[in-house]
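Hello,

Here is the model we talked about handing over. My notes follow below it.

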Amino acid sequence: MTSFLDPLISFVSAHPWLGYLTLFLAALLEAVPVVGSVIPGSTIILALSALVPGGELKLQWVLLAAALGAVLGDGSAYWIGHRRQREILNTWPLTNYPRVVAESESFFNRFGTWAVFFARFVPPVRAFVPVTAGALGMAPAKFYAVNIPAILAWAPAHVLPGVLAVSALHEYAGLHLHGHVGKHIWMLTVVGVAIVAGLALWIRHRRNGVAAAKSQA
């Protein structure tokens, strides 16, 4: 794995704009209904944040790229829902995910306006709540009044842990700031946790599906 990470880090260092573009697209696609449930946007952002302490990427541009991607993604999903209203919830490809759509609608009905804020931090409903908010008639001004602050909190929450963790490894573990060991440790940890979490969610959904099938039998 480290033999793959070293060339990746060197490539991003030589072409930082591609790193910022990747961050932007990761945040944007994570907010798209259905697509966002399979794109590991948060994992990508958390992993690439390890490149800030060594100077391969600049903190302000990382935060800006992630925030702009999230604003565009959430906003696009919201306006699609706003234009199509409830019809969009009964249209392909959302019809292939009835349980997640139902959870998103329940989440929105439970928390109201605050659902837009909380959803930013709760996958996989994060990819469905903006379109649901639009479909259920939430006013644009109210949506953005909650969505923008949520994104301004979400971006640092996904970027700063990597920055602080790698900086701490350099400071307290004696690792060289421009070496790659600290970055490897953080990136491998993020990917490992994401894989374990993904497997746990898959097992849970599979068990719920089996339980639902048995109850209908």
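Helices (H or I, at least four residues) and strands (E, at least two) are DSSP runs, numbered from the N terminus. This is a predicted model, where local features need pLDDT of at least 70, side-chain atom pairs count only at pLDDT 80 or more, and totals for chains, interfaces and linings use all residues. Residues are numbered from 1 along each chain as its sequence is written, and side-chain values use heavy atoms, leaving out hydrogens and water.

Helix 2 first. W17 sits in helix 2 (residues 16-30). W17 is exposed, at 54% relative accessible area (buried is under 20%, exposed over 50%, partly exposed in between; 1.4 Å probe, protein chains only). The buried residues of this helix include Y20, L23 and L28.

Now the rings. There are ten aromatic pairs (Phe, Tyr or the six-membered ring of Trp, centres within 6.5 Å; planes under 30 degrees apart are stacked, over 60 edge-to-face, the rest tilted). F107 and F111 have ring centres 5.0 Å apart and planes at 55°, so they are tilted. They are four residues apart in helix 5 (residues 98-111), about one helical turn. F107 is buried at 15%; F111 is partly exposed at 30%. W114 and F117 pair edge-to-face, at 5.7 Å between centres and 70° between planes. Both lie in helix 6 (residues 114-119), three residues apart. W114 is exposed, at 53%. Ring pairs join F107, F111, W114, F117, F118 and F121 into a cluster.

Best wishes
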